Amino acid sequence: MRIACPFCGARDSGEFTYLGDASPKRPDAPIDGGTAVEDQFYDYVYLRDNVAGLTREYWYHGGGCRSWLIAERSTTTHEFKSVTAAPGAGAAKAKQAGER
Amino acid sequence: MPDFVWSSQSPLKKALVPGRHGAGKAAPGVSLSHVSDIALVQVMTRRGRNADVAKAAKKLFGAEPPAALKISSGKVVTLVWSGPDQFLAFSELPQTAPSVEQQEQAFAGSASLSNQSDGRCQIRISGPNARDALAKMTSLDLHDTVFPVGSAATTSIDHTAVNFWREADDASGNPVYVALVFTSFSDTLWHLFVESSLEYGVEVAAIGAGH
Amino acid sequence: MEGSTRTVAGQSHRLGAGGQIDRNAPLNFSFDGKEMTGFAGDTLASALVANGVRLVGRSFKYHRPRGILTAGPEEPNALVELRTGARREANTRATTSELYDGLVAQSQNRWPSLRHDFMSVNQLASPIFVAGFYYKTFMWPAKFWEALYEPAIRRAAGLGKTAGIADPDHYDKAWAHCDVLVVGGGATGLAAALSAGRAGARVILCDDDSRLGGRLQSDGGVIDGVDALQWVQSAVAELSSLPNVRIMTRTAVFGVYDSGDFGALERVNDHVPQPPEHQVRQRLWRIAAKRSVVGAGAIERPIVFPGNDRPAVMMASAVRTYVNRFAALPGKRIALFVNNDDGWSTVDAIRRAGVEVAAVIDPRGKPATGDYSGIRVIQGVVADVGGSVDGVSSITVAGAGGNQKIDADCLAMSGGWNPNLALSCFHRGKPEWRDDIAAFVPANAPAGMTMAGAANGDLSLGACLRTGHAAGAMAAAEAGAKGKSGNAAKASDEAFSIKPLWHVQVKGKAFVDFQHDVTASDVKLAQREGYESVEHLKRYTTLGMATDQGKTSNVTGLAIMADAVGRSIADTGTTVYRPPYAPVAIGALAGHNRDENFHATRLTPSHHWAAERGAVFVDTGLWKRAQWFPLPGETDWLQSVTREVLAVRNGVGFCDVSTLGKVDVRGADAGTFLDRVYINAFSALGVGKARYGLMLREDGIVMDDGTTSRLAEDHYFMTTTTAKAGPVMQHLEFCRQVLWPELDVQLSSATDQWAQFSIAGPRTRDLLQALVDPSEDMSNEGFPFMGVRTVKLRGGMEARLFRISFSGEMAFEIAVPARYGEAMARNLMIAGEPFGVTPYGTEALGVMRIEKGHVAGPELNGTTTAGDLGLGKMASKKKDFIGRVLSQREALTAPDRQVVVGIRPVDKTRRLRSGAHIVPKGAVPGPETDQGYVTSVCFSPTQNQWLGLGLVSHGAERHGEIVKAHDPLRNETYDVELCSPVFYDPEGVRQRA
């Protein structure tokens, strides 16, 4: 299988590593956040939808340009609808955490 | 206490055996060579500083930072695209190339540098069958229309990340490729290069040293 | 060759003229020890046919005598052990094995000989060997399964035997890329390759056969007004002249994978006794294609009737192949049993070879067109086949006028054609049923793939050429080619009509799957017992599960099932198709990656120096590391390791630690970045200082540890453990690119840039004084503990020096560019010579870290928290960091967690073993009493006993308690004392000296 890295073009899937669902966003974690923050992190780390169809997920082009990528992939056909760069790939200047 | 001798050592000192190897008696299908003691600095643009990096590169190397998937040739330094907003400043002539200190100065505040002169090992492969040998190692499409002279890629060989680019064709019109492999992997990958080439006949040059 | 019945000397069934063989190039070969001769151009199967050999193997279950059924890769019967010794290959299809001089083949699955096979008594017991036999018979008693049934079944199972010794040949793997991949080099594939190639597309044309042409080689015909073979020749010449077309013969495309990647196996040197020097036997190709055209043709299917497995009952198309392509006669009085028009074309082939047509049996009677004057035609079916192990002698035909017997020595059968649609189904495409050709055709091929010609159900030659041409042109255009494809070649559209006939319903053993001995009655039994779904039918009867994967049997089997259930074939459907289409040797899948090349290895900068000194190396991940350096006279690893430890503890030693992961962390926000990655703070670390850091996973479990130094305001130099260098780099990039893109930080792996050595022991400073330039202040004040700076060395070298200690001794780590690693090792030997300097390996390193209570991989094992490791106090309370929130969860902070503790056997002579479980004294060892386990052990030369670290519940409060170590693996239980994990220099005086 080939995956289209937005920087490198179509590359063999062996160059990429899959991480998982790209939807959960790391919560802000004030030092005194208490159990509310713990619950948010619990969701962030553990809770995932088991989607049959299109998902957004993180892939890492570690065997290539070392960019983190966000791919839209169908879990039923393996088809990649789109692959885009993570917000902080390269030198693009983001104004705040997690800005896309 | 006498002074110590600090002699440089190529990581291929054991693996590289100069001479003619493999099939055939006629002209070899593949030529392999290695230059030790290269100069190599990874230049990573700091956030939002692309313009400053371009200016500094032009001034220091006489070359623009390379476009994506390309190399950019300066006077003694080749700038090799190595990922978004980063490149490698590569030279086989470390004595004439700008020193790491000069580069640090030129890019101060605009790029983060990492000296990789010893972190990578240079391997050059050329000849009429170079592409056939490379087809066993890389998943890249090296066809002329896809990977013409001046193309660069970061890819994997035997699950190991490499920087790879195509130089000008040799005098016989055969393609010439350069790979930078991680130094610790170079012994094992050199064997892979040789073994992939044996069926075409391979000429291995003695180790050259950067000047 | 009309009427030529003159045969070649020694080859009783070879025609004197014709065929694509070279009679001037005779080749000697042997089958079951019998010497025979064939010709260049033969397959093993065609050479056997030419020599009159009919019995070639024994079937899997009943050991029934079997002959050659087909002439292609679909062959279920003619499997042989090819070659001898280490190159012997079992289950090799004789029909695809090209003959070479000296070929040696053996039949399989028979004892003591093919003609007299002891196991053929299984036939007498055949009523018990029915479908589901294994499931029904070997059910109980349960304990018999392991002791009795399984070994017995394993002995009886399988066909050929593997060589049992390492394959001496080489294999490799390669990538290829194209715009249009054309699978199959018959009429369809040639037409597709021509149209795509002319348009300028990059084309790869693959065919399993050694020569192109496909069925044209066997059936001939007229294309564009010339003989088909002549057309093939000119097509191949044109394709060869196009630089954008690559022809790959002997290459079977066996699978299609996501995004248009194909797997193909090139049999580079299977057609010679052994590969020429430096060449491979087979090469596995991964072909990345933008578009593909599959012209894989069709496979003729047998009819199921009693005796249909007797040697010399052969597919009609195979008879034509042997006669026309190989000039070999499967029989000299050949009968035909067909239900379709194509089968009738065999009549002409037999007549032209000058051999007698015994009769043509067709339930439809004589077809509407064609000249069959003088041919005996019987409207009916074959009800039985008479003969011996050597094949057919008579045929019983049931027709309107009752049964009649016909003398014949070969029966050619044709039940119709199944389009070879496997590639279209590998992505779960479901084929559709077409009544007019009584076959499944492709319905939803993977994106980018076009099925054409017979593989798509277009069975006439004219249609193959038209659809191939159109598919090639379309694929080329879709891939971006702009040129013109020219005109399609033309041939006539011969009529094809068929009346389905799957099974002749008379008494007798009638085979569906020849290789797995599945009969029509097995299929019906499966239906009666409730296994109606095709997937159940397959598992219950093993239909289609042999090495041929049911290429000649699957559709027939499900048709018989459909009939038994009373459903249509379309509603019954097919089983799921899965790659590989044809067998692929494991050696080809492994390619270069076997033996010492199983995976890439990494060498340290001092590797060759260490090898010169006779170091013993250990695999640490991909790295080869010096484990210890034995001296002459040392006979035991422990002896060497103990010497190395004592040399360090009492003098000075050094160890190559270049394998530790190293990362340049740079940028304006590098400090903030590290504050968020590590549990402790780094932004406040002074330039020129090092600090031990611990990082967690987001779930609160420890990820990795290491020392990170600040080399400049915007430059940190991180080290990681050897094992986690890659994962940590990936994690850091994730943090940088995904979590905190607002931070200005850049990362570069510097692991390979530096040769780094740990120098340890009380004489370390003495050694360094000799090594560094006299201007360097190496005093405790001038270079304090956890200090870092660049120093000048004697002889004009600069090095980074870190005052950090893993061993608990006064220690430094010194780093120089990797090219000077070997020089550094040699110079350390020179500089340390007066102080008895000793190189040490990873074992001594491990002993010293255990003596000192430093945690490593066995403790950072993916279950432990910072608190478990005794490092909980490091965690900053003033900042957020990865893993902070979840590390505070109740379960991860529970007081009964297993924490790091020292462990020493009460009996000081006893050896402690890793993995032993800790239970309270007096308790019965078991899951209820288990309190933890031993993680790391060593023989400590300074404590003069075995000791270790462990993870034990409440461990920190139990120092001094005697507990039991229980090792069920070695069946040992012994008393140990829990103690402080720091066995050596607990005050830490030595490392700060």
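Among contacts in chain B between residues at least 6 apart in sequence, what percentage join residues at least 24 apart? The figure is 66%, where a contact means that the C-beta atoms of two residues, placed from the backbone, lie within 7 Å. Before going further, a word on the ground rules: this is a predicted model, in which local features need pLDDT of at least 70, side-chain atom pairs count only at pLDDT 80 or more, and totals for chains, interfaces and linings use all residues. Residues are numbered from 1 along each chain as its sequence is written, while chains are lettered from A and ligands numbered from 1 in the order in which they are written.

Let us stay with chain B for a moment. Along the principal axes, the C-alpha atoms of chain B fill a box of roughly 60 × 55 × 30 Å.

Chain A comes next. It has one helix and six strands, and reading along its sequence gives the pattern β-β-β-α-β-β-β. Its C-alpha atoms fill a box of roughly 45 × 35 × 20 Å along the principal axes, and 31% of its 100 residues are buried. Among contacts in chain A with a separation of 6 or more, 46% are between residues 24 or more positions apart.

Now to chain C, with 23 helices and 52 strands. Buried residues account for 57% of its 993 residues, and its C-alpha atoms fill a box of roughly 115 × 70 × 55 Å along the principal axes.

Inside, the largest nonpolar core has 373 residues; such a core is a set of buried Ala, Val, Leu, Ile, Met, Phe, Trp, Tyr and Cys residues joined through C-beta atoms within 7 Å. Helix α10 (residues 461–478) of chain C provides the largest share of this core, nine residues. Val180(C) and Ala196(C) are among the residues with the most contacts inside the core. Leaving aside residues up to four places away in sequence, Ala196(C) touches Val180(C), Val182(C), Ala201(C), Val203(C), Gly472(C), Ala473(C), Ala475(C) and Ala476(C).

For a helix pair, look at where Leu190(C), Ala193(C), Leu194(C) and Gly197(C) in α4(C) meet Val232(C), Ala235(C), Glu238(C) and Leu239(C) in α6(C). By class, this contact has six nonpolar, one polar and one charged residues, with Ala, Val, Leu, Ile, Met, Phe, Trp, Tyr, Cys and Pro counted as nonpolar, Asp, Glu, Lys and Arg as charged, and the others, Gly among them, as polar.

Finally, turn to where two chains meet: 22 residues of chain C are in contact with 26 residues of chain A. On the chain C side, α19(C) gives the most, with seven residues. By class, that side has nine nonpolar, three polar and 10 charged residues.

Note on methods:
Helix = DSSP H or I, 4+ residues; strand = E, 2+ residues; numbered from the N terminus. Buried ≥ 20, exposed ≤ 12 C-beta atoms within 10 Å, placed from the backbone.
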